[in-house]
Amino acid sequence: MTPPPRLSRLLALVPYLLGRPHAPVEDVAKTFGVSVDQLHKDLKLVWMCGLPGYFPGDLIEVEFEGDTVTVSNADTIARPLRLAADEAVALLVGLRTLAQVPGPGEQEVIARTLAKVESAAGDAAAVSTAVTVDVEADTAVVEAVRDALARERRLHLSYYVPNRDETTERDVDPIRLHVVAGRTYLEGWCRNVDDVRLFRLDRVVHVSVLDVAADPPAEAEPRDLSEGLFRPSPDDESVVMDLTPAGRWVADYYPCESVEEIADGGLRVTLRTPDTRWVRRLALRLGSSGRVVLPADLASQVRNDAEAALRAYALE
């Protein structure tokens with residue numbers, strides 16, 4: 001999550017803390033998408049702000065006590081900033097999208113929040129109804145996952161893994177759902193690997209709700225997604241590919257570290273992977289619509305694969 005510009009953050013930070021005396025510093029930093037060190041710097045600046053006169057009694061008071069912080073003497077900015085029209089539209093569209101795939105117990109909260117924002121947004125609420133976001137997942141799969149979350153039941157998934165080009169069978173204790181860029185993900189404890197995993201629901205071939213209680217272990221902490229859904233290992237290999245317009249779908253289907261526009265409507269994508277065998281298969285599948293640029297040895301392996309395939313056809 002990219003933190004907002006500092007001034008906007010400070011104007012939101014003060015009313016937030018006024019309503020939450022003795023707020024844990026780490027929680028506040030996480031809420032605003034900044035480090036604890038940056039939050040301390042922000043609060044030191046707030047401490048020097050106040051009404052004209054600027055004597056000690058005119059300045060905002062910031063008090064640290066242990067690992068908590070309290071802000072006072074700032075009643076003139078106790079109310080948060082009003083949303084701009086574009087911000088209100090974005091928030092309303094996001095809430096309506098979230099309402100399509102909430103976790104258990106969230107429908108009522110989302111409905112109340114949506115009603116309040118619509119009431120406050122005025123004309124922007126009407127504009128937002130013209131914008132829709134299609135969530136790319138089979139409705140039956142989403143409903144089965146929601147049912148499992150609501151009743152705390154284990155799921156059995158037949159799940160397609162594109163980097164191995166195979167369908168795997170997994171038992172998963174569901175934890176929560178995410179909607180990111182129009183795609184729906186299940187976060188759950190995968191019993192096959194004994195770890196928390198994310199499953200993209202449009203890759204679920206089949207799902208069954210089992211008559212077994214979901215029981216993720218205590219160490220099954222939900223992931224911190226503030227830095228994105230996918231965090232490759234530092235040991236993963238970096239692969240650069242150039243794609244023609246016909247191959248642009250790769251950037252939508254595979255998690256990419258970076259995506260750049262290149263000449264003639266193409267893309268240059270960078271992805272990281274612990275196993276490049278699936279990249280070789282992908283490159284052959286793409287044919288003239290994509291090629292591996294880096295690393296050079298992988299590009300050479302793809303050429304060798306293509307030549308071997310051509311020789312096999314020639315022998316038939």
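Which residues do ring pairs link into a cluster? Hold that for a moment. First, what we have on screen.

This is a predicted model. The protein chain carries 10 helices and 12 strands. Of its 316 residues, 35% count as buried. The accessible surface comes to about 18,600 Å². Carbon and sulfur atoms own 53% of that surface. Now contacts. Take those in the protein chain with a separation of 6 or more; residues 24 or more positions apart account for 58% of them.

Back to the rings. The cluster is Trp249, Tyr254 and Trp278, linked by ring pairs. In total, the count of aromatic pairs comes to 4. I will show two of them.

Where do the two residues lie? Tyr16 is in helix H1, residues 6-18. Phe32 is in the loop between helix H2 (25-31) and helix H3 (36-47). The pair therefore ties together parts that are 16 residues apart in sequence. Phe32 has a relative accessible area of 11%, so it is buried, given that buried means under 20%.

The second pair is Tyr254 with Trp278. This one is stacked: 5.0 Å centre to centre, 20 degrees between the planes. Tyr254 lies in the loop between helix H8 (249-253) and strand S10 (258-261), while Trp278 belongs to helix H9, residues 277-286, so parts that are 24 residues apart in sequence are tied together. Buried or exposed? Both Tyr254 and Trp278 are buried.

Which elements give two or more residues to the largest nonpolar core? The core itself has 19 residues. Those with the most contacts inside it are Leu13, Leu17, Val28, Leu39, Leu43 and Val71. The contributing elements, at two or more residues each, are H1, H2, H3 and strand S3 (68-72). H1 gives the largest share, 5 residues.

Look at Val71 from its own side. Set aside neighbours within four places in sequence. Val71 then touches Val14, Leu17, Leu18, Leu43, Ile60, Glu61 and Val62.

H1 deserves a slide of its own. This helix has 13 residues. From first C-alpha to last it reaches 18 Å, close to the 18 Å expected at 1.5 Å a residue. Its buried residues are Arg9, Leu10, Leu13, Val14, Pro15, Tyr16 and Leu17. What covers them? The cover includes strand S1 (23-24), H2, H3 and S3.

S3 brings us to the sheets. In the open sheet of 3 strands, the order is S1-S3-S2, with antiparallel pairing. S1 and strand S2 (61-65) are the edge strands, each pairing on one side only. S2 and S3 pair over 5 bridges, antiparallel. Within that pairing, Glu63 stands opposite Thr70 in S3.

Strand S4 (153-161) pairs with strand S5 (166-180) in the antiparallel sense, over 7 bridges. Leu157 has Arg170 in S5 as its bridge partner. S5 also pairs with strand S6 (183-190), again antiparallel. How many bridges join S5 and S6? There are 8. Here the bridge partner of His178 is Tyr185 in S6.

Last stop, Pro295. This residue lies in the loop between strand S12 (290-294) and helix H10 (296-315). Why does Pro295 count as buried? Its relative accessible area is 16%, and the cut-off is under 20%. Which residues does Pro295 contact, leaving aside neighbours within four places in sequence? Glu237, Ser238 and Val239. Ser238 is 57 residues away along the chain, yet the C-alpha atoms of Pro295 and Ser238 are separated by 7.5 Å.

To recap. S5 pairs with S4 and with S6. Trp249, Tyr254 and Trp278 make the ring cluster we opened with.

Technical notes:
Residues numbered from 1 in each chain as written. Predicted model: local features only at pLDDT ≥ 70, side-chain atom pairs only at ≥ 80, totals over all residues. Heavy atoms only, no water. Pairing = 2+ DSSP bridges. Helix = DSSP H or I, 4+ residues; strand = E, 2+ residues; numbered from the N terminus. Phe/Tyr/Trp six-rings, centres within 6.5 Å; stacked < 30°, edge-to-face > 60°. Buried < 20%, exposed > 50% of the residue type's maximum accessible area, 1.4 Å probe, protein only. Contact = heavy atoms within 4.5 Å. Areas by Shrake-Rupley, 256 points an atom, 1.4 Å probe, with all protein chains shown as cover. Core = buried A, V, L, I, M, F, W, Y, C linked by side-chain atoms within 4.5 Å. Expected span 1.5 Å × (residues − 1).
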